[in-house]
Amino acid sequence: SLFGPLYGRSIRGHYDEGMQWSEESAVRLKAWKRGKTGLPLIDAAMRQLWETGWIQQNVRMAVASFLTEYLNVDWREGARWFHDTLIDCDEAINGMMWQNAGRAGLDQWNFHIHPVTSARSSDASGQFVRSWVPQLAKLPTKFVHAPWEADPYALRTAAVQLGRSGYPLRVVRDLEEERKKTTKAVQEMQRLAGPSTKNAAG
């Protein structure tokens with residue numbers, strides 16, 4: 001197709017040659033696709049995507065930011081998954097969104113979307129998460145976006161089990177540390193590529 005190459009190579013070519021993605025990419029990608037990351041907003045979105053073929057634009061950006069910023073998985077994996085699952089997929093828009101999410105496009109995102117704090121503002125009542133992650137439906141609202149913060153009584157009362165037999169444990173536990181690792185990998189890749197390969201935006 002005309003825009004197929006957007007999924008195959010980065011506009012900023014040095015990202016393909018020097019970027020070091022997570023050594024756990026396969027496991028992380030699988031959890032992300034299945035809506036089993038242990039992060040409720042991300043899981044709700046990915047389950048909705050799989051079941052309906054559609055998610056709202058801001059949510060698309062949230063799951064893209066999570067995959068690239070916090071899981072440090074190659075943006076192309078996300079682009080291909082959206083291409084396969086979105087019923088309204090536009091190849092050009094999808095490719096460019098993911099390139100920018102992965103910092104490899106023309107208009108690199110100068111923001112990131114925190115999977116917990118943004119969830120608490122965009123889904124303040126927890127209705128979206130409860131609709132698509134029924135295991136958490138009975139949790140108090142203050143815990144529904146971060147069930148690991150719930151005390152044992154709250155978990156027991158809501159019939160929530162965290163782990164293998166219930167809602168999955170987080171695929172990454174320290175979000176800020178994971179984002180620092182991604183940022184460091186990007187900076188190292190840019191350093192090795194040299195100044196001639198990038199502009200002020202990277």
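Helix α7 (residues 91-101) is mostly covered, as eight of its 11 residues are buried. Here buried means under 20% relative accessible area, exposed means over 50%, and partly exposed lies in between (1.4 Å probe, protein chains only). Helices are DSSP runs of H or I with at least four residues, numbered from the N terminus. The model is predicted: local features need pLDDT of at least 70, side-chain atom pairs count only at pLDDT 80 or more, and totals for chains, interfaces and linings use all residues. Residues are numbered from 1 along each chain as its sequence is written, and side-chain values use heavy atoms, with hydrogens and water left out.

**Helix α7 and its ends**

The buried residues of α7 are A92, N94, G95, M97, W98, Q99, N100 and A101. The N-terminal end of α7 is capped by D90, which has a side-chain oxygen 3.0 Å from the backbone nitrogen of A92. Just after α7, R103 takes a positive phi of about 70°.

Most residues other than glycine have a negative phi. R103 is not a glycine, yet its phi is positive; N72 is likewise not a glycine and has a positive phi.

**Helix packing and the core**

Helix α3 (residues 25-34) and helix α5 (residues 57-70) have axes 11 Å apart and pack at an angle of about 170°. Axes are lines fitted to C-alpha atoms, for helices over the stretch in contact, and angles run from 0 to 180 degrees between N-to-C directions. The helix α3 is therefore roughly antiparallel to α5. Angles under 35 degrees count as roughly parallel, over 145 as roughly antiparallel, 65 to 115 as roughly perpendicular, and the rest as oblique. In this pair, R28, L29 and W32 of α3 meet V63, F66, L67 and Y70 of α5, where contact means heavy atoms within 4.5 Å. The residues of this contact divide into six nonpolar, no polar and one charged. For these classes, Ala, Val, Leu, Ile, Met, Phe, Trp, Tyr, Cys and Pro count as nonpolar, Asp, Glu, Lys and Arg as charged, and the others, Gly among them, as polar.

Helix α4 (residues 40-52) and helix α6 (residues 75-85) cross at roughly 40°, and their axes come within 9 Å. These two helices, α4 and α6, are therefore oblique to each other. M46, L49 and W50 in α4 meet W81, F82 and T85 in α6. That contact has five nonpolar, one polar and no charged residues.

The largest nonpolar core has 56 residues, of which W32, V63, F66, F82, W98, L136 and L139 touch the most other members. Helix α5 supplies the largest share of this core, eight residues. A nonpolar core is a set of buried Ala, Val, Leu, Ile, Met, Phe, Trp, Tyr and Cys residues joined through side-chain atoms within 4.5 Å.

H145 lies in the loop between α10 (141-144) and α11 (152-157) and is buried, with a relative accessible area of 2%. Its side chain reaches the backbone oxygen of D123 at 2.8 Å. By contrast, S122 in helix α8 (residues 117-122) is exposed, with a relative accessible area of 58%. The side chain of S122 reaches the backbone oxygen of S118 at 2.8 Å.

Notes: Polar contact = N/O pair within 3.5 Å; in protein donor to acceptor, adjacent residues only side chain to side chain.
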